[in-house]
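Please read it alongside the sequence and the model.

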Amino acid sequence: MTNAGVGIDYSVLDETASRFAIIAAEGFSEISPDMAYIRGVNNLAMSGASPDKMMITLIAAPETSEQTLRDIMHRFTDISREQGVAIIGGNTVFAGETSSFCNISVTVFGKTLIERRKKLLEKVKAGDKLVIIGEAGRYGASLICSKKREELRKSFSDSYLEGILNPEGPSHSASDIESLSLTDIASKLIDAGAIYLHDVSFGGIYRTLVEMSEYTGLGVDILHEKIPILQSTIELSEFYNINPYQLLGTGAMVAAFPEEKEDSIKSLLTSEGLIYDVAGVFTTDKSRVVHSENYHMSRSLGFYESDEIYKVLSAV
């Protein structure tokens with residue numbers, strides 16, 4: 001009924017039922033069942049839906065061991081049990097001639113209330129605001145730190161690196177799925193007045209803003225100082241000479257809302273204890289601009305070929 005495309009990463013399969021619309025979305029990872037699942041769930045969450053079924057596709061090199069495939073499927077079995085999401089099918093394909101890669105794709109199915117679905121059909125207008133929830137590039141920085149820790153220890157202390165891996169402190173023990181899933185907050189944002197949601201993933205916050213502009217047909221004007229980001233993410237990005245605003249941002253999202261809903265949106269996010277800031281507005285001018293009052297600069301955003309993380313890591 002509604003196809004996924006640039007700026008909207010889910011499809012509406014059916015909304016003829018009296019209370020619910022049926023939604024599908026896909027997630028991908030080159031190495032991790034958890035991340036493929038999370039990315040699918042977060043794409044699904046942008047419709048206000050929560051997952052209840054999934055299908056799994058593995059595309060593996062001929063040299064991929066049987067044990068690797070078994071381990072991946074054992075993990076999905078655990079995820080299915082832990083999250084209450086049934087595995088209803090899938091496929092395993094061997095492709096290529098060398099290496100031992102295994103690309104993982106998860107299609108997640110769920111449902112959202114018709115009332116929420118109707119709210120997301122409201123047209124975004126010039127003057128509507130954007131709130132960024134979660135820090136830019138935080139997950140990408142954490143992943144780089146995890147994979148490159150020995151190299152980084154030559155320049156940074158262990159306690160500093162631990163802070164990148166665990167920004168919320170050593171007592172924080174939530175799993176990736178629990179800490180990065182957007183399902184709960186997305187539905188609450190729609191109920192509070194948000195009319196368009198987009199999760200941050202590959203390409204970082206800049207890519208997300210460009211896709212939102214593309215989808216709405218409007219421009220965006222963003223204040224650089226209002227984009228939440230950890231100082232450690234900036235410093236790690238400087239170390240590897242990458243742009244943290246184009247760095248993998250799984251777990252963050254952007255919501256659009258009419259100006260009159262700002263108080264209810266802020267109240268919700270504050271009560272949930274989330275890091276956020278109202279960073280800009282949609283404009284009739286179709287330019288996509290990030291400007292800084294502190295540095296007296298303005299940058300036009302465009303589509304980028306690759307996430308910055310691939311300059312440091314080969315697979316995510």
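**Notes on the predicted model**

1. Asparagine 241 sits in the loop that links α10 (231-240) to β9 (253-257); helices (H or I, at least four residues) and strands (E, at least two) are DSSP runs, numbered from the N terminus. The phi of asparagine 241 is positive, near 55 degrees, in a residue other than glycine. Asparagine 241 is exposed, with a relative accessible area of 67% (buried means under 20%, exposed over 50%, partly exposed in between, with a 1.4 Å probe and protein chains only).

2. As to provenance, this is a predicted model in which local features need pLDDT of at least 70 and side-chain atom pairs count only at pLDDT 80 or more, while totals for chains, interfaces and linings use all residues. Residues are numbered from 1 along each chain as its sequence is written, and side-chain values use heavy atoms, with hydrogens and water left out.

3. Histidine 296 is placed in the loop between β11 (288-292) and β12 (297-300). Although histidine 296 is not a glycine, its phi is positive, at about 50 degrees. With a relative accessible area of 71%, histidine 296 is exposed.

4. Strands β3 (residues 50-60) and β5 (residues 102-113) run antiparallel and are joined by 10 bridges; two strands pair if DSSP finds at least two bridges between them. Leucine 58 has isoleucine 104 as its bridge partner in β5.

5. β3 also pairs with strand β4 (residues 86-94), in the parallel sense, over 8 bridges. The bridge partner of isoleucine 59 in β4 is valine 93.
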